[in-house]
Amino acid sequence: MNRHHYVAIMAGGIGSRFWPKSRTSYPKQFLDILNSGKTLIQWTFERFTKFIPEENIYIVTSEEYVDIVKEQLPNINPACIVAEPSRKNTAPCVAYISYKIAQKDPEASLIVAPSDHLILDTDTFEKVALQALDFASHLKAFVTLGIKPTYPNTGYGYIQHETMPVADNIYKVKTFTEKPNLEIAKTFLASGDFLWNAGIFIWQVKSIINAFEKYQPEMNELFAVEKDKFNTPAEKEAIERIYPQCTNVSIDIAIMEKADNVYLIPASFGWSDLGTWNSAYDNLEKDYLGNAVAGDNVMIVDATKCMISAPDEKLVLLQGLDDMIVVDTKDVLLICKKDKEQDIKEYVAEVKRNKGEKHL
C-alpha cells in the first residue's frame, strides 16, 4: 500500500429519497438497506481498506453523526472523523479535507467518494481506483469514474467524454450534465459517449488546492488563512468560522466543470448509487412474482413487482398491489407508485409543511 494514498468518504447527507427509512437523525448511509448485515458506510469503509492504509481513510460527516460513525466503525481513529458544522454541499467539504490532509502530507493523492454507494465487483473497483491514482499523480490531473449506462436514468448526472483515449481506457472529459429529462437521457444513451457520473473523484491534494485558488478564490482564501490550525486543537473553532462564509455549491459546479484537465475512466464494477427505493429494488433478491422484500415478516398475496421494507418484528400482509413501493416504520407508512419515486423528496417537503419535522 502507498502511504501517500488517502480516501475521504463523504457521509453527511440525509438521504431524503429513502424516506421514511432514512431520517435526518439517522440517514441511509448508516442503514442496512439491503438486509446484508452491514450498513452502507461499513461496506464503503471495508472496500477501501483493501488498498488504502486504514489510517489514511477519513470520514467527512455532519457533527450530529460523529457518534454514529464511531459506533459503526469502532476501529477508526477518532482523528480520522472530520465533522462539518453545517451542510454546504461537496465543494467546502472537499476544500476542508484537502487542506487538512495537505498539512499532514503535501504529496498526498486523494480519492473522494460517497459513503452510500453499492459496488459489487470490488476487485475491478480497486484496479480502476489505483489506475486513477497513478494517472492523477503523474499528470497533475483530475480523474473521475464514469459508469457505463444500462438505461436512460433521469436520477443521475452524466459525463460526456472525447472519443479517443489519452491512455489505456482514460478519456478527456468534455461536459458534465446535471440530471436530464427522459428524452435527453435517451439521446445521451444513444450517442455512446455519455456515462453516469458516479461522484467519485481522484486527484493530488496540491492539484485540487491549486484549482480552488484559480476557480474559487473566495472560498479558497477562507481555508488558506486558517490552514495552520488544521490537525491542531484549534481546528474546530477555525472550521466554525469558515463554514458560515462558504458558498453552498457542489464540487462538480465549483471546480470540475471549469477545469481543463479532467479525465474519465469508464468502468463497470456493479455500481449503484442506492439513491432511491428503485435502486434498492434492483439490488435485492426477488420472489417469483418480482417482489423485493426487506423484512422477516412480510406476507404477499397476488402482489407483483413491489419493493417492500418493513420492521422484522412487524407482520405486513400485501394483497393486490403492482409496481409499488411500500415502506413501513414505527411511525410512518409510505405507499407510493414505483414510477413516482423521484417525487419522494417533494412528499417529504409536503410532510414538513403540514406535519412539522418530527417525522423527518
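**Notebook: aromatic rings and one buried Asn**

I counted the aromatic pairs in this predicted model and got 21 of them.

Next I looked up where the two partners sit in the chain. Phe142 belongs to strand S6, residues 142-147. Trp203 belongs to strand S9, residues 194-204.

Phe142 has 2%, so I marked Phe142 as buried. Trp203 has 0%, so Trp203 is buried as well.

I also searched for groups of rings. One aromatic cluster is formed by Tyr96, Tyr99, Phe223, Phe230 and Tyr243.

Then I checked for charges over rings. Lys38 lies over the face of Trp43, 4.5 Å from the ring centre. Lys286 lies over the face of Tyr281, and here the distance to the ring centre is 4.8 Å.

Last entry: Asn220. I found Asn220 in helix H7, which covers residues 217-226. Its relative accessible area is 6%, under the 20% cut-off, so I wrote down Asn220 as buried. Which residues does Asn220 touch, not counting those up to four places away in sequence? I listed Tyr99, Ile209, Phe212 and Glu213. Tyr99 was already in my notes as part of the aromatic cluster.

How values were computed:
Residues are numbered from 1 along each chain as its sequence is written. This is a predicted model: local features need pLDDT of at least 70, side-chain atom pairs count only at pLDDT 80 or more; totals for chains, interfaces and linings use all residues. Side-chain values use heavy atoms; hydrogens and water are left out. Rings of Phe, Tyr and Trp (its six-membered ring) pair if their centres lie within 6.5 Å; planes under 30 degrees apart count as stacked, over 60 as edge-to-face and the rest as tilted. Helices (H or I, at least four residues) and strands (E, at least two) are DSSP runs, numbered from the N terminus. Buried means under 20% relative accessible area, exposed over 50%, partly exposed in between (1.4 Å probe, protein chains only). A charge sits over a ring if NZ of Lys or CZ of Arg is within 6 Å of the ring centre and within 35 degrees of the ring normal. Contact means heavy atoms within 4.5 Å.
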